[in-house]
Every structure is written in structure tokens, then in C-alpha cells.
Amino acid sequence: MSAKETFENLGFYLDIETNETQVVWSKNKYNRYTFALIGADCITFDRKEKEIFLDGIEDISFELLQAINKQVEELGWLDE
């Protein structure tokens, strides 16, 4: 399974912030009482610096770890 498929199975989508220098996977958080967006959990892969930033994510499940590892592999970071 690709990183895209794995992230999408976990409820993430490829964010519009994705560009030639970063890949951003987001998962919206909603307030169930007001039905309004209150933020998003994001995972950003910085292609230039080869760094991963987690925003709003406190726990990493095994499935999420697999998605992150697959994205790192697809970015070619393991080849260097």
C-alpha cells in the first residue's frame, strides 16, 4: 500500500500546502457541538531539510507510524 492510501485510510488528506518543498497530510478536527472546524492535525514532511513536523498529533498509532515510514521511503530519504 502507498503512503497516500495509508494516510487516506486513517482519515488524512493531502493538504493544499503541499508543494515542491513539503508534503503536508492533514486531518480536520471539528467541534461536535457547533459543527465548526477548530483546527487540523497535520504531518509535514520538509523535503529540503528532511524533517518531519507533527502539529496537533499527540499519539502515533502503529498504522500512522507505518504511513509516516512509507512516506519517508517514497521521498527517498532512506536511500541516502
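Modeller: Buried means a relative accessible area under 20%. This is a predicted model, so every value here is computed from predicted atoms.

Colleague: Why is Trp 77 called buried?

Modeller: Its relative accessible area is 14%. The cut-off for buried is under 20%. Trp 77 is therefore buried.

Colleague: And why is Thr 44 called buried?

Modeller: Thr 44 sits in strand S3. Its relative accessible area is 16%. That is under 20%, so Thr 44 counts as buried.

Colleague: What is Thr 44 in contact with, leaving aside neighbours within four places in sequence?

Modeller: Gln 22, Val 23, Val 24, Glu 51, Ile 52 and Phe 53.

Colleague: How do you know whether Lys 48 is buried or exposed?

Modeller: Lys 48 lies in the loop between strand S3 (36-46) and strand S4 (51-55). Its relative accessible area is 68%. Exposed means over 50%, so Lys 48 is exposed.

Colleague: What makes Leu 65 partly exposed?

Modeller: Leu 65 belongs to helix H2. Its relative accessible area is 39%. Under 20% would be buried and over 50% exposed; 39% falls in between, so Leu 65 is partly exposed.

Colleague: Which residues form the nonpolar patch on the surface?

Modeller: Ile 52, Leu 54, Ile 60, Phe 62 and Leu 65. Together they have about 450 Å² of accessible area. S4 and helix H2 (62-74) each supply at least two residues of the patch.

Colleague: How many aromatic pairs does a search of the whole structure find?

Modeller: Four. One of them joins Phe 7 and Trp 25.

Colleague: Why is the pair of Phe 7 and Trp 25 called stacked?

Modeller: The ring centres are 4.7 Å apart and the planes meet at 15°. Pairing needs centres within 6.5 Å, and stacking needs planes under 30 degrees apart. Both conditions hold, so the pair is stacked. Phe 7 is in helix H1 (residues 3-9) and Trp 25 in strand S2 (residues 22-31), so the pair links distant parts of the chain, 18 residues apart. Phe 7 and Trp 25 are both buried.

Colleague: Why is the pair of Phe 45 and Trp 77 called tilted?

Modeller: Here the centres are 6.3 Å apart and the planes are at 55°. The distance is within 6.5 Å, so the rings pair.

Colleague: How do you know whether Phe 45 is buried or exposed?

Modeller: Its relative accessible area is 0%. That is under 20%, so Phe 45 is buried.

Colleague: Which residues do ring pairs link into a cluster?

Modeller: Phe 7, Phe 12, Trp 25, Phe 45 and Trp 77.

Colleague: How many residues does the largest nonpolar core have?

Modeller: It has 13. Those with the most contacts inside it include Phe 7, Trp 25, Ile 43 and Phe 45. H1, S2, S3 and H2 each give two or more residues to this core. H2 gives the most, with four. Beyond four places in sequence, Ile 43 has contacts including Phe 7, Phe 12, Trp 25, Leu 64 and Ile 68.

Conventions: Residues numbered from 1 in each chain as written. Predicted model: local features only at pLDDT ≥ 70, side-chain atom pairs only at ≥ 80, totals over all residues. Heavy atoms only, no water. Buried < 20%, exposed > 50% of the residue type's maximum accessible area, 1.4 Å probe, protein only. Contact = heavy atoms within 4.5 Å. Patch = residues over 30% accessible without salt bridge, like charges linked within 9 Å, V, L, I, M, F, W, Y side chains within 5 Å. Areas by Shrake-Rupley, 256 points an atom, 1.4 Å probe, with all protein chains shown as cover. Salt bridge = Lys/Arg side-chain N within 4 Å of Asp/Glu carboxyl O. Phe/Tyr/Trp six-rings, centres within 6.5 Å; stacked < 30°, edge-to-face > 60°. Core = buried A, V, L, I, M, F, W, Y, C linked by side-chain atoms within 4.5 Å.
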